[in-house]
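Colleague: I am new to reading protein models. Could you walk me through strands, sheets and chain contacts?

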Amino acid sequence: MNKVYNRIESITGSVITVRAEGVRYNELAEITTRFGKSLAEVNKIDGDIVSLQVFAGGRGVSTGDEVRFLGHEMEVSFSDDLLGRIFNGSGEPRDNGPALHENLKPIGGPSVNPSKRILANRMLRTNIPMIDVFNTLVVSQKLPIFSISGEPYNQLLARIAMQADADVIVLGGMGLKYDDFLYFKETLGNGGALSKTVMFIHTAADPTVECIKIPDMVLAVAEQFALQDKDVLVLLTDMTNFADSLKEIAITQEQVPSNRGYPGDLYSQLASRYEKAVDFAGSGSITILAVTTMPGDDVTHPVPDNTGYITEGQYYLKDGRIEPFGSLSRLKQNVNDKTRKDHRALMDGMIRLYSDYKNTLEKKSMGFMMTKWDEKLLKYGELFETKMMDLSINIPLEQALDLGWEILADCFEKSETGIKSELIEEFWPK
Amino acid sequence: MTDTKGRVAGINGNMVSVEFDGNVSMNEVCYVVTGGTRLKSEVIRIRGNMAQIQVYEMTKGIAAGDPVEFTGDLLSAELGPGLLGQVYDGLQNPLPLLAQKAGWFLERGVYVNPLDTEKKWDFTPVARPGDRLRAGEYIGTVPEGAFTHKIFIPFYLLGTYTLKSIVPAGAYTIHEPIAVIADESGKETEITMSFRWPVKRAINCYAERLAPTETMETKVRLIDSFFPVAKGGTYCIPGPFGAGKTVLQHTTSRYADVDIVIIAACGERAGEVVETLTEFPELTDPKTGRSLMERTVIICNTSSMPVASREASVYTAVTLAEYYRQMGLHVLLLADSTSRWAQALREMSGRLEEIPGEEAFPAYLESYIASFYERAGYVRLPDGSFGSVTIGGTVSPAGGNFEEPVTQATLKVVGAFHGLSRERSDARKYPAIDPLISWSKYDSVVPEEQIEYCRSVMKHGVEVGSMMKVVGEEGTSLSDFVTYLKSELLDAVYFQQNSFDPVDADCGVDRQRYVIRKLLRILGSTYNMKEKDEARAYFNSLRQKFIDWNYTAFGSDDFKKREAEIDEIYTSGDGKMDAEAEKLL
């Protein structure tokens, strides 16, 4: 029943066209070239002219190569066998394990009915104080990590993968440097998190079309785990590469660009992925953390800008630290009143003092005299940065709160903190 | 269904080209039949025997040659009792019913009747056989929650009709015939309690459209006093992400002094809709004492739902708003966000390969935005009563830059502009409406001269503030410094408002008038201070007391106690009112 065509009409970039009938939109085909077989997906039909994007790219494709339509859309195999495995954007193994073909599930499925969602109200512990204390991550939240090239965002993701309190981790790498891929493999392996992790990896050397498929593969798998009552944490890196691949394909297909060359549907494309974050009423959940590098550290660049409108806050990674001012978890209010009663007050108090410290630093750099209060702030700021902000710190929330009180007690008198006296009486280190 | 036969000829994203044989009208609804499901679509361009249609669902799996059925009807909303309290998608499918039918996900091709067809409503006739009636006049009523829902002669009927018969008072379902009317030629039509109306056409069965003059109270001080919105007016809230657009609309939807609120969640986060869905049934509407949900309709097409129905969702929402306006009610439509709607237009325009305008938005963007906002209005109805539709839309400008096409096109047609600034939201000054750039053409709830006075203090204070950044506190004169402190006080205690505190968030008009007089006394006085530190301490203590005062219920004992404390501090400052301020009081 699978029809085979031997005549390719045109080849532009990674998009080819063939004359064919009865082909369905988004159907998969297999193209056999002299370099081997590749998948291709139908992305436009105009009468009997069918356009396909070739996953392996257009290089070396000949007009006489064979195109065989498979009669189904892109699918991913789902079972517990996925855990610990690594795949590419076509769903083929990247490790030495066997290919999986059972229990195939379509990717890029419909969105969740809003009336079946529940209000996000559970904290997701990461044991990173800058997240747990100051911008608590909430189950079913979608948060980007805004960063710039050169920052240790992949190290941060790996750390979260190892420390986070999630049942399953699904990691999607897009345009990943090969070293970073190896880093993830090694770190998660040594950290013992590999057995609860599934990885879909597209490296910078792989064809563009596969990059676009990564988030859909990752989220389809995550959704299946979530429907089996698992709390799934999805880690994506880097969504800017995903957006750039969309741009590349759109331009190749002569779409009218809207903003800096990106296609007009960039917002919808990003949103349809991020909105997969969900807490199913009476079942599991999906939480998404996605690295978005900002070209030129410019938050108004179309990718971070559109992302900001979609996600529920952002973590801002700068100079190797999660910056407390640029970062915001919009859902933290839903959970941080239920953790420990000093959580909110301590969070506000410490940030306020840290902001005072920043002002003092500025004053100092301009050569002003330092008062006694300024000296206290300087000491506080330094302690805060080394003991709290360092990404390698791995302590549970309660311990982090205690540490916060210790730092305060180390630098200030009780009345100088501006925290409610009732809490000070209870928590101030004796 | 019409006799027109169509076949799919091409597919590009959610745009499908159809070769047809017969007659097709523009914006007609049709269905693509594929793999056993029927996918709702709308005709958006016709050329020869080819029609381009936008599919309201995912287009996966459609093949060239799939049949297309044409309905002959335009995309319509069903209007009748039972709309209030519903949560619809952009095509008016009730989401909870879709969940019952299809489970977790929004499976494509599943459509549900918008209104409950089984439920019986207590109908009371008011018209009598022999009455001469026109479209938009009503023949009876049913109670719907706290409201009297009028049953109309359908808006699409042209000319004058004679009522032939009408059922007696009793319980009927929305599809049971309740009356028969005859036109001039004697042709008879049966009337039921519900009918359909094409969403992209404005309902115009009113006697006269009036200028919006009555202020709509939002209970947000900065809006009602400084940048007011009138019933029947329009306003927009542009702002960068994280500046609090949605929180502001959420607060307005709770506290606004209107009868009915329609929320169009257009292309935004599903989580925000869930928040409304969880909170509203628990909250009481102060006007009726019933659940807030009973005065609310939510049209929800979140960002991951298909783009074409996102475009439809704002029209569905405004149609429902106009329908309730016809009953002599005041309706507020909140659209969040109109930029997503504009982007939906852009996506479609791109697929149609139209010549792009600025930032690839279609050239007709401005006229579409204008005609959408023009559906707001304050009207006199055929029975002499008044109703209004007020439209408030958020705009999400790319990069937070207000120069972009959607913001600019919107500013041309609205009556008030509440521009949110990143600077204010970063400083946690909420609502982050920037008083320096925002404006309103409507009347404030506070006397205009008092507002002008406050505004001049604010402007002067901001000037001093920016100068102080350069020359430092040392280089600023004491009197300038006091002006600066005054403007900071105005900002902290009046402009800023805690929308999460039930008392502070619900600041009524009487209270606003009262508080502004108190503030004028402080702002309009000159003080005998010797040093800046003294002035700072004075204003700091005033600010602290004022904020505490804001959290006490208006007129309560606590309120009076706090007020006395403020008066005491004020007296201690030994201020002399200037003549201008004195005159205002």
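**Strands and the contact between chains**

Modeller: Happy to! This is a predicted model. Let's begin with two strands of chain B: β10(B) and β13, residues 160-166, run antiparallel and are joined by three bridges.

Colleague: Which residue is the bridge partner of R134(B) in β13(B)?

Modeller: That partner is T160(B).

Colleague: How do I read the order of strands in the sheet?

Modeller: Go from strand to strand across the sheet. Here the order is β10-β13-β15-β16 in chain B, an open sheet of four strands with antiparallel pairing.

Colleague: Which are the edge strands?

Modeller: Look for strands that pair on one side only: these are β10 (132-134) and β16 (188-191) of chain B. From one strand to the next, the twist averages 40°.

Colleague: Now the two chains. How many residues of each are in contact?

Modeller: Chain B contributes 49 residues, which are in contact with 45 residues of chain A. On the chain B side, at least two residues each come from β1 (5-12), α1 (95-102), α4 (270-279) and α6 (338-351).

Colleague: Which element gives the largest share of that side?

Modeller: α4(B) does, with seven residues.

Colleague: What joins β1(B) to a strand of chain A?

Modeller: Two bridges link β1(B) with β5 of chain A (residues 36-46), and these strands run antiparallel.

Methods: Residues are numbered from 1 along each chain as its sequence is written. Chains are lettered from A and ligands numbered from 1 in the order in which they are written. This is a predicted model: local features need pLDDT of at least 70, side-chain atom pairs count only at pLDDT 80 or more; totals for chains, interfaces and linings use all residues. Two strands pair if DSSP finds at least two bridges between them. Axes are lines fitted to C-alpha atoms, for helices over the stretch in contact, and angles run from 0 to 180 degrees between N-to-C directions. Two residues are in contact if their C-beta atoms, placed from the backbone, lie within 7 Å.
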